[in-house]
Amino acid sequence: MRTHPLGTTGLQVSALGLGCMGMSALYGEADRAESVATVHAALEAGVTLLDTGDFYGMGHNEMLIGEALRTAPAASRERALTSVKFGALRDPDGGWSGFDGRPAAVRNFAAYSLQRLGVDHIDVYRIARVDPAVPIEETVGAIAELVEKGHVRHIGLSEAGADTVRRAAATAPIADLQIEYSLISRGIEAEILPAVRELGIGITAYGVLSRGLISGHFTADRQLAANDFRAMSPRFQGENLRHNLDLVEALRKIAEQKRVTVAQIAIAWVLAQRASHGADIVPLIGARRRDRLAEALGALDVTLDAADLRAIEEAVPADAAAGERYPAQQMAHLDSER
């Protein structure tokens, strides 16, 4: 798999990245051995970007990635790039209590992440959500200090609005903005995507399958575990779910005509959005198993022409999804939605 520069910072990444959150938290139980094997398979296939957060399983995910890196072949390990989100505050019961973007907290979070990952530097470091109590210039400035000291290679952002992105970029070079982007989550297209392209900042797109909703594998009768985020997600509730699964069935007809899976055509759509602007969007694939990883990698072989893209847009128009992408309280905390 070829690598390409993400944004103007010179960071070389693969066409797809692996989002590892589901291996530790928020989507029910996961198999540790299979998770490690999936990371190894991704690295072997040429995926270089491994995305995590220090609060995924309260450090579990970073330790899992650290184990996968230690046990991977040397050549694969050397190609791996770590992308880490920090700042979320948790309690012993697993609750959430805001975000901390103070410079002292940035340094503290980084120290623990380096230890859990077992690495001497983090390739991309970003606050998971903008801390409204701390100017973004202070948070980014603290990461820039870590870059100067060699602990971090590149600065990223997550779920930041266009104005915040501009302020951050005026403080230090920004490699990428990590934000949700998929066929049914297209809110970035109006203001955020034009802003990052103007500034030469890449996009790492999470939720490209909308947490499995548009993967083609989710069914209306699926029982979700109490610790599964989707049990509280508006798009997975009642009439919203039925409406959204109808969109998936419309997409399935197009996928069948192309002889690909629903997941592959949904990922290929995201990849197609970068064609006229260079490779500035990298989808993060949240595969927890090797079979799902293999399916996702198959999207790289899917070519969508103008007629295909029109058919997809007709089947799943912008703003067609029912329900917000997060519960109301979490939506209120997203800088990208303000």
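Rings of Phe, Tyr and Trp, the last represented by its six-membered ring, are taken to pair if their centres lie within 6.5 Å. By this rule, seven aromatic pairs are counted in the structure, which is a predicted model. One of these pairs joins F55 and Y56 in an edge-to-face arrangement, with a centre-to-centre distance of 5.0 Å and an angle of 80° between the planes. Both F55 and Y56 are buried. Together with W96, F55 and Y56 form one aromatic cluster.

A stacked pair is formed by F86 and Y125, at 4.4 Å centre to centre and with 25° between the planes. Because F86 belongs to strand β5 (residues 81–86) and Y125 to strand β8 (residues 122–127), this pair ties together parts that are 39 residues apart in sequence. F86 is buried, its relative accessible area being 0%, and Y125 is likewise buried, with a value of 0%.

Charged groups are also placed over aromatic rings. The charged end of R90 sits over the ring of W96, 3.8 Å from its centre, while R211 lies over the face of Y326, at 4.9 Å from the ring centre.

The second largest pocket has a volume of about 530 Å³. It is lined by 27 residues, of which G187, I188, I192, S336 and E337 are the closest to the pocket centre. Two or more lining residues are given by each of the elements α6 (162–171) and β10 (176–180), and α6 gives the most, with three residues. By class, the lining of this pocket comprises twelve charged, nine nonpolar and six polar residues.

Conventions
Residues are numbered from 1 along each chain as its sequence is written. This is a predicted model: local features need pLDDT of at least 70, side-chain atom pairs count only at pLDDT 80 or more; totals for chains, interfaces and linings use all residues. Side-chain values use heavy atoms; hydrogens and water are left out. On a 1 Å grid over the protein atoms alone, a cavity is a set of points where a 1.4 Å probe fits but cannot get out, and a pocket is an open set with protein on both sides within 12 Å along at least five of seven lines; lining residues have an atom within 4 Å of a point. Grid points are joined across faces, edges and corners, and a volume is the space filled by probe spheres set on the points. Helices (H or I, at least four residues) and strands (E, at least two) are DSSP runs, numbered from the N terminus. Ala, Val, Leu, Ile, Met, Phe, Trp, Tyr, Cys and Pro count as nonpolar, Asp, Glu, Lys and Arg as charged, and the others, Gly among them, as polar. Rings of Phe, Tyr and Trp (its six-membered ring) pair if their centres lie within 6.5 Å; planes under 30 degrees apart count as stacked, over 60 as edge-to-face and the rest as tilted. Buried means under 20% relative accessible area, exposed over 50%, partly exposed in between (1.4 Å probe, protein chains only). A charge sits over a ring if NZ of Lys or CZ of Arg is within 6 Å of the ring centre and within 35 degrees of the ring normal.
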